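Dear colleague,

Please find the structure below, followed by a summary of what was found in it.

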Amino acid sequence: MGIETLIIGMPGTFAQGIIYGIMALGVFITFKVLNFADLSVDGSFATGGAVAAITIISGKSWIYAMVLAFIAGAAAGLITAVLHTVFGIPDILSGILTQLALYSINLRIALNQPNTPISVDKYNLAVSLRYKGYSLTMVVIMVLLIIALMYWFFGTEVGSALRATGTNPAMSKAQGINVNLMKSLGLVLSNALVAFAGALSAQFNGNADVNMGRGAIVIGLAAIIIGEVISNIFKNRNFAVTLIFVVCGGILYYIFMAIVLWLKMPANDMKLFTAIIVALFLAVPYLKNQANSSFRKAAKEGGKK
Amino acid sequence: MLNAFNLQKTFNPGTINEKVALAGATLNLAEGEFCTVIGGNGAGKSTFLNAVAGVWPVDGGSIEIDGIDVTGLPEYKRAKYLGRVFQDPMTGTAANMQIDENMALAARRGKCRGLGWGVTKKERATYHEMLKELDLGLEDRLTAKVGLLSGGQRQALTLLMATIQKPKLLLLDEHTAALDPKTASKVLDITDMLIKEHGLTAMMVTHNMRDAINYGNRLIMMNEGRVILNISGEEKKNLTIEDLLHKFEEVSGTEFTNDTEILSK
Ligand SMILES: Nc1ncnc2c1ncn2[C@@H]1O[C@H](COP(=O)(O)OP(=O)(O)O)[C@@H](O)[C@H]1O
Ligand SMILES: [Mg+2]
């Protein structure tokens, strides 16, 4: 295959990358803002896909489907929030429990079919692989809107309280912030956004699969970390720029995946590649830091003086 | 302003780590009283302040602030009445957030937080003036992350945040203990200034007897979860360190030695 196929496919690659970027923005709310390792995401991504597919098949418009997917994701986030704040289950475990439960729930939503096709020939969809340019325009508009909304929200009183909760819960309580409520709000918003991305992804690929969310959390993290590494070039980063870089991280991740596929590496190894990429991006800043301040170096330099 | 009656708190009850931290501590503070709190390590000073702040529910006793029974209120609801500064400078502020954002969080303590801006332009101007009074050069760094500040600067900022809305009661738990002597004395001066300026009712735990004597108009000593000494008025003004040591021996029935650890003079 020539390089042209890769280039011709780029708008599609970008669109899919931005969809992952939207999901990563959701993950960003829990992992970065709330400091909460939420693994519900793998489940809620597929929930979004299933809800959107079934709604569209029932003859409703894609707008309606996306709204329902958003609400379903919010509900999924609420489950994790209740497990954590009401029942005192640690964050990671709360997320894993929700993720597990969602697998069955998603199958029920999809009328017990592991894969629900939604062909762009039959239905009017928001995005589709078939119309790459149009889809790219759609997701760019959506992601810009989402970033603007997030930028606004985290600048409000509630948004500030949510950020404070993630940074310093003890201080937040002393400032009269209901920490459990803020955590719940963050989880709800995060999973709603992830499900929204899941709904887009299902339409883009023409089907909703129960397994479509597998590894979503790692992809989200990959996007955040890649975004962080490249944004380190800029000195003074404002919040909107940080969010834009998260989306860029999603795009870069997906371009990387497209190249891997184009090189004819087996698709079954994709998850392995993803894990390796994330591990690399996590390790590089750490190792770089270590190289700058290691005991070995200290011993050498100390000897010189 | 504060009526804390017969407070009881036992940590890890029924285990080998059981620890009675408060055993009937009682304290009444009138409006405008500035009470310093001394006592050995483990006397229950922090536990008392935490009980008032509602970090956890007490096992027994009752707490009233300005006539309102807060015994059953969780920490975040009591926050409305309280300003707090902690021993660890990291505890009182959100490191990832800007100076003005931190102050704005404190300005909304106990108020309903909505979708209005987290910090308004008008507020920023006010904060600029407030920080200028501290004379720490923070007024020109309103948008700097608090994590970049030194311990002393963070404590001064936390103090400002605690008093940005006049609290019914200001709780200071060894808030200068983690600072070097020079910074500590600067922060203490700021503390005194803010308390006088706003006419605040305050409790200040300190392990420095001289500070306990020099500051405030009331002094209590705690031991084994109780308030064992209560000095105010003229007696407080004329108090010396020797007096305090004598009183400690009288009340506790043990001689003051280094291991009773009333700590540094
Ligand atoms: N959260 C806690 N869990 C268990 N024990 C505690 C806790 N907080 C305080 N204690 C114990 O209660 C006693 C009183 O502690 P504290 O009030 O911190 O003393 P101090 O007067 O030095 O501030 C100590 O023996 C301490 O170990
Ligand atoms: Mg203490």
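**Interface of chains A and B**

Chain A and chain B bury about 2100 Å² between them, with carbon and sulfur atoms giving 60% of that area; buried area here is the accessible area (1.4 Å probe) that two parts lose on being put together, summed over both. On the chain A side, E157(A), M171(A) and Q175(A) lose the most area to chain B, and together they make up 31% of what that side buries.

This is a predicted model, in which local features need pLDDT of at least 70 and side-chain atom pairs count only at pLDDT 80 or more, while totals for chains, interfaces and linings use all residues. Residues are numbered from 1 along each chain as its sequence is written, chains are lettered from A and ligands numbered from 1 in the order in which they are written, and side-chain values use heavy atoms, with hydrogens and water left out.

The contact (heavy atoms within 4.5 Å) joins 20 residues of chain A to 29 residues of chain B. Two salt bridges cross this interface, a salt bridge being a side-chain nitrogen of Lys or Arg within 4 Å of a carboxyl oxygen of Asp or Glu. E157(A) is paired in a salt bridge with R108(B), their closest N and O atoms lying 2.7 Å apart. Helices are DSSP runs (H or I, at least four residues), as are strands (E, at least two), numbered from the N terminus. In chain A, α6 (132–153), α7 (157–167) and α8 (169–174) each supply at least two residues of the side that touches chain B. The largest share of that side, seven residues, comes from α7(A).

**Domains of chain B**

The domain assignment, which is automatic or from a database, divides chain B into domain 1 (2–81 + 168–263) and domain 2 (95–166). Their contact takes 18 residues from domain 1 of chain B and 15 residues from domain 2 of chain B. The C-alpha centres of the two domains are 27 Å apart. About 1400 Å² is buried between these domains, 69% of it from carbon and sulfur atoms. On the side of domain 1 of chain B that touches domain 2, the elements giving two or more residues are β7 (169–173) and α6 (181–198) of chain B. Here α6(B) provides the largest share, nine residues.

**A buried residue in chain A**

T98(A) lies in helix α5 (residues 91–109) of chain A. At 1% relative accessibility, T98(A) counts as buried (under 20% relative accessible area; exposed is over 50%, partly exposed in between, with a 1.4 Å probe and protein chains only). Leaving aside residues up to four places away in sequence, T98(A) touches S40(A), A76(A), I79(A), T80(A) and L83(A).
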